[in-house]
Amino acid sequence: MSKKVPLYIDGEFVASKSEQWIPVTNPATQEVIAEAPVATQSEMDAAVNSAREAFKTWKEVPVSERARVMMRYQALLKEHQEEIAEILAQETGKTFEDAKGDVWRGIEVVEHAANIPSLLMGETVENVARKIDSYSYTQPLGVCAGITPFNFPAMIPLWMFPLAIACGNTFILKPSEQDPLTPTRLVELFEEAGAPKGVLQVLHGNKQQVDFLLDHPDVRALSFVGSVPVAEYIYRRGTENGKRVQAFAGAKNHCVIMPDANKQQVINNMVGSSVGAAGQRCMAISVAVFVGAAKEWIPEVAEAIAKVRPGAWNDENAAYGPVISPQAKERVEALISKGEEEGATLLVDGRGCKVDGLPDGNWVGPTVFSNVTPDMEVYKTEIFGPVLCTTEVDSLEDALELVNNNPYGNGTSIFTASGAAARKYQHEVEVGQVGINIPIPVPLPFFSFTGWKRSFFGDLHAYGKQGVRFYTETKTVTARWFESDLEDPAGPNMSINLR
């Protein structure tokens, strides 16, 4: 019999009384490894009631004590990193090293949450008028909630509940029903770290549970990561109910390759950033834009990607694992076929991929298209699979026009040896996260995660307390310079955060 995943309500792991259960499968074998409940109405009500009551006392706990809970929690996460990664790998299909990375990026956020006292300091001004002083406090909101996707079942929950709880809020987590075992282990360790009863609740389910959180008057704020249509829905319904909502959505990330870039560096980075994690990440590079003579490298990029092979989580030679479900595989392969129909050149075909000993896995091989144009479905759609589209332009200005015309703005990169080209690109591109000689510019937790355009829907005041930021965008730039490549005094390892 498969494991029944419990709910976590009022400080206790609870066996759900639901009559509806969702199978959790190993995507490499289709074996059902667990079943997640669709939480009942009474279970959902109990979770909110517990979170509401816990907030009354948790908000009064000194901030230094809240920080110490996070210190203990990050120590436990580090101690159990490999154990969590193994659970994660088996239910997502990720390779073990990729799974460990997923957990580690979450640990970094918990470390940031342990520094919460300095982040909650208010502001003061003496004599705003004669003998009148003014000061502000940063205070918790109340019950907050998070809805997280399947592709990062450790990192993304850890983006949410540790920071919210460290700030003095209580939290209800609704993790993906496709891989609930990892979040369950995270909660067990949070309890072991000394988290008080009621500050964290976990509800499993589907749209019904999401709508409950969006509609319940006691839920004050909600975070989401997932696809564009769902992000739009969550943002609209949540804000209509008066909640603060931040919804991180899809992407179509472009990497611009200038002809003066280091060719081998480009080839190496294109492999990992396009097919790593089976392409199932919102920061994957899915479009490579070759400028001028750099187009001559496309066959070598395709050749390098073609050598990559998927495999089981514990196969040390596997570059990535299966996609999450048979439906996901069917969708990715249908889009590959659509690209061929629309006239793109299929240089590497990942359809019909087989892995020895695992005939039932959701395998999609590495795939590369050339001659892709913006009107094609493979260009317009976030494929969420190990598929790289390549296109060619004549100049950096043409590349900027292409990227800026795209409706998404999550991440982008440029590979170049020219400081002038890098500066122009990072300044003019209409994308929230920019990498210079770095393929996937994911910022560390003490920077903002800054999707633009249709990659983010949300209250800008959710980012911070500074009023000016209500009316501005944040662009995070991460750059790597190699001494032999420098053509100007930009300096090595330049990292800029523009606000």
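Strands are DSSP runs of E of at least two residues, numbered from the N terminus. The views below are taken from a predicted model.

View 1. His254 lies in strand S13, which covers residues 253-257. With a relative accessible area of 1%, His254 falls under the 20% limit and is therefore buried. A polar atom of the His254 side chain lies 2.9 Å from the backbone oxygen of Lys252. The side chains of His254 and Tyr379 are joined by a polar contact of 2.7 Å.

**View 2. The second largest pocket, between two domains.** This pocket has a volume of about 950 Å³. It is lined by 36 residues, of which Pro149, Phe150, Gly226, Ser227 and Val230 are the closest to its centre. The second largest pocket lies between domain 1 (3-250 + 451-479) and domain 2 (254-407 + 411-436), because both give residues to its lining. At least two lining residues come from each of helix H8 (207-215), strand S11 (219-225), helix H9 (228-240) and helix H12 (326-341). H9 gives the most, with five residues. Sorted by class, the lining of the second largest pocket has 20 nonpolar, eleven polar and five charged residues.

**View 3. Asp211 in helix H8.** Asp211 is found in helix H8. Its relative accessibility is 11%, so Asp211 counts as buried. A polar contact of 3.4 Å links the side chain of Asp211 to the side chain of Arg237.

**View 4. Helix H15 and its buried face.** Helix H15 spans residues 419-428, and its buried residues are Gly419, Ala421, Ala422, Tyr425 and Gln426. Seen down the axis of H15, these buried residues fall within an arc of 160°, so they line one face of the helix. In an α-helix there are 3.6 residues a turn, so residues three or four places apart point the same way. At the start of H15, a side-chain oxygen of Ser418 reaches to within 3.3 Å of the backbone nitrogen of Ala420.

View 5. Most residues other than glycine have a negative phi. Asp10 has a positive phi, near 55°. It is placed in the loop between strand S2 (7-9) and strand S3 (12-14). The relative accessible area of Asp10 is 33%, so this residue is partly exposed. Phi of Asn127 is also positive, near 60°. Asn127 has its place in strand S6, residues 123-129. At 48% relative accessibility, Asn127 counts as partly exposed.

**View 6. The largest cavity.** The count comes to five cavities of 30 Å³ or more. The largest cavity holds about 110 Å³ of space. Of its 15 lining residues, Gly279, Ala284, Ser286, Glu382 and Phe384 are the closest to the centre. The lining of the largest cavity divides into seven nonpolar, five polar and three charged residues.

View 7. The volume of the second largest cavity is about 90 Å³. Its lining is made of 14 residues, and Thr92, Lys94, Ala277, Gln280 and Pro322 lie nearest its centre. By class, six of the lining residues are nonpolar, six polar and two charged. Domain 1 (3-250 + 451-479) and domain 2 (254-407 + 411-436) both give residues to the lining of the second largest cavity, so this cavity lies between them.

Technical notes:
Residues numbered from 1 in each chain as written. Predicted model: local features only at pLDDT ≥ 70, side-chain atom pairs only at ≥ 80, totals over all residues. Heavy atoms only, no water. 1 Å grid on protein atoms, 1.4 Å probe; cavity = no way out; pocket = protein on both sides within 12 Å on 5 of 7 lines; lining within 4 Å. Points joined across faces, edges and corners; volume = space filled by probe spheres on them. Helix = DSSP H or I, 4+ residues; strand = E, 2+ residues; numbered from the N terminus. Nonpolar A, V, L, I, M, F, W, Y, C, P; charged D, E, K, R; others polar. Domains from an automatic or database assignment. Buried < 20%, exposed > 50% of the residue type's maximum accessible area, 1.4 Å probe, protein only. Arc of directions from axis to C-beta. Polar contact = N/O pair within 3.5 Å; in protein donor to acceptor, adjacent residues only side chain to side chain.
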